[in-house]
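This report concerns a ligand site and the local backbone geometry of one model. Please consult the sequence and the structure shown here.

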Amino acid sequence: MSALKLCVLSSEILPYAKTGGLADVAGALLQNLRRRGHEVHAFMPLYSVVRAAHPELQPVRGVQQVPLAIGSTEYFFSLQTTRFPGTDIAMYFIDCPALYDRADFYTSDPDEHRRFLLFSRAALESCRRLGLAPDIFHCNDWHTAFLPLYLKTLYSSDPVLAPARSVLTIHNIGYQGVMPGAAVADLGLGGAEARLDANDLAHGVINSLKTGIRFADRVTTVSPTYAREICQGPLGMGMQATLRARKDGVVGILNGVDYRDWDPRHDPHLTTHFGPQDLRGKQTNKQELISATHLDGAVSTPLMGMVTRLAEQKGIDLLFDALPSLLLERDFGLVVLGSGDPRYVTFFEGLAQRFPGRVAFRSGYDESLAHLIEAGSDIFLMPSRYEPCGLNQMYSLRYGTIPIVRNTGGLADSVQHFDPASGRGTGCVFNDYDAPAVRWAIGTVLDWYAVPKNWQRLMQNAMAQDFSWARQIVQYDSLYRELLGAPRLN
Ligand code: ADP
């Protein structure tokens with residue numbers, strides 16, 4: 001089949017910048033699309049830490065110091081490029097120090113919306129100047145959600161860009177890029193403001209994600225269950241009606257796992273490797289994890305791990321009631337790695353103080369420790385209130401680390417509740433978002449752990465799961481081709 005020309009835009013792409021799953025997914029998407037033979041170009045903002053870490057970036061001729069007005073402010077951007085490591089994928093970085101030389105990738109600064117409006121516009125402008133005419137612009141989350149409308153307005157008769165179609169993938173509908181209505185001049189829509197959501201404007205807001213949902217040629221999200229949840233109920237977070245108004249709906253494509261990074265047989269972060277044929281190395285990793293986090297439980301004591309953003313979405317509130325009492329009643333250890341909301345940091349710090357030697361908490365972001373927790377824990381806890389896809393439960397399966405998940409989004413699509421009678425299933429799935437349910441789930445898994453025959457079976461089932469990108473990417477491929485063959489929507 002013919003190769004397509006694809007332009008992927010994301011506010012974070014591994015290995016350049018990562019705060020969460022979006023970076024893993026964007027990086028993997030690029031590589032796997034390329035492996036299928038497509039011509040892939042990727043755009044990202046040039047954050048100051050990326051500039052400092054990547055001296056190999058080269059300026060792109062013809063796209064230097066380009067003036068671009070966002071409202072009444074004139075910015076200048078330049079394009080820098082390199083090849084994505086180990087590939088011939090063209091990585092393009094939008095260099096605009098006035099907007100991206102900040103301590104963090106995301107800020108609460110009053111010009112946050114401008115940072116990403118400029119990103120989308122500068123990417124389009126760069127393509128135009130380079131004569132780069134993609135078949136598809138693949139946008140991700142609210143940061144690039146204005147691009148579809150720009151294509152249909154500012155660039156609708158541009159000889160290079162007009163034929164392109166747009167896809168918007170929603171990685172998390174909880175983040176919508178809402179800006180004040182007064183920012184309308186910053187959009188630079190040149191007379192097409194009437195296409196914005198009038199009701200929102202009447203309420204004094206402009207919603208980036210909603211604009212993307214209305215104008216993208218296709219909308220996808222990162223699991224089939226989440227696709228249903230966001231159209232139907234409160235998990236749509238106000239976007240339900242806009243999503244349902246799309247005749248072609250929302251396509252749910254489960255994220256894949258990059259098993260080059262996340263497989264205990266060759267995980268570059270581990271000193272001892274293991275696999276389903278020989279699990280001895282898992283015990284070595286467990287011992288290493290126990291030592292590294294100064295726990296004092298025996299290797300035979302079940303050890304539960306968490307690696308998470310400490311955000312309300314992740315279900316930490318349920319643990320406030322559930323964990324202290326469970327730790328009093330049952331014998332198990334807990335290792336938590338996370339960064340985020342100080343409320344949750346205080347909770348886990350308090351738990352570690354109250355249960356020394358049994359609970360370890362590491363505040364911050366630590367890639368190597370994340371891998372060791374996956375490898376060395378017996379159980380992985382992910383009680384999310386909602387979870388568009390979730391990666392850690394899929395990583396856990398490959399490491400024989402049995403996931404406890406709530407029945408939502410991608411968690412529901414990737415973990416099957418274990419039935420000791422039939423020996424089928426890969427983890428523990430609980431339904432209700434409340435403390436008794438999570439208590440039941442942890443208790444149930446500790447009971448399974450106590451029966452070696454059950455546990456061996458569970459681990460083998462878990463490790464046999466395959467969520468590789470090679471399987472998932474086919475669905476993006478079909479979606480692009482179907483879109484290119486369909487009549488254009490306005
Ligand atoms: P989300 O994108 O909502 O944070 P995902 O499960 O989709 O959740 O992806 C989270 C990714 O970020 C995983 O690769 C996980 O290992 C990583 N991660 C999250 N918090 C940390 C942390 N504190 N240290 C290291 N890695 C982390």
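The sections below treat the basis of the model, the ligand site and the backbone.

## Basis of the model

The model is predicted: local features need pLDDT of at least 70, side-chain atom pairs count only at pLDDT 80 or more, and totals for chains, interfaces and linings use all residues. Residues are numbered from 1 along each chain as its sequence is written, and side-chain values use heavy atoms, with hydrogens and water left out.

## Surroundings of the ligand

Around the ligand there are 20 residues, of which Gly21, Arg309, Lys314, Gly364 and Leu391 come nearest; a residue is near if one of its heavy atoms lies within 4 Å of the molecule. The shell comprises seven nonpolar, seven polar and six charged residues (Ala, Val, Leu, Ile, Met, Phe, Trp, Tyr, Cys and Pro count as nonpolar, Asp, Glu, Lys and Arg as charged, and the others, Gly among them, as polar).

Helix H1 (21-35), strand S13 (303-310), strand S14 (333-340) and helix H15 (392-398) each supply at least two residues of this shell. The most come from S13, with three residues. Helices (H or I, at least four residues) and strands (E, at least two) are DSSP runs, numbered from the N terminus. The ligand lies between domain 1 (5-256 + 470-484) and domain 2 (280-466), because both give residues to its shell; the domain bounds come from an automatic or database domain assignment.

## Polar contacts and cover

Polar contacts are pairs of N or O atoms within 3.5 Å. Oxygen atoms of the ligand lie 2.8 Å from a polar side-chain atom of lysine 314 and 2.9 Å from a polar backbone atom of leucine 391. A polar backbone atom of aspartate 366 is 3.0 Å from a ligand nitrogen atom. On its own the ligand has 560 Å² of accessible area, and the protein covers 94% of that area (Shrake-Rupley method, 1.4 Å probe).

## Backbone geometry

Most residues other than glycine have a negative phi, and most peptide bonds are trans. Leucine 14 and proline 15 are joined by a cis peptide bond, with omega about 15°. Proline 15 is placed in the loop between strand S1 (5-9) and H1.

Glutamine 65, a residue other than glycine, has a positive phi near 50°. The loop between strand S3 (58-59) and strand S4 (66-70) contains glutamine 65.

Notes: A polar contact is a pair of N or O atoms within 3.5 Å; within protein, one must be able to donate a hydrogen and the other to accept it, and residues adjacent in sequence count only if both atoms are side-chain atoms.
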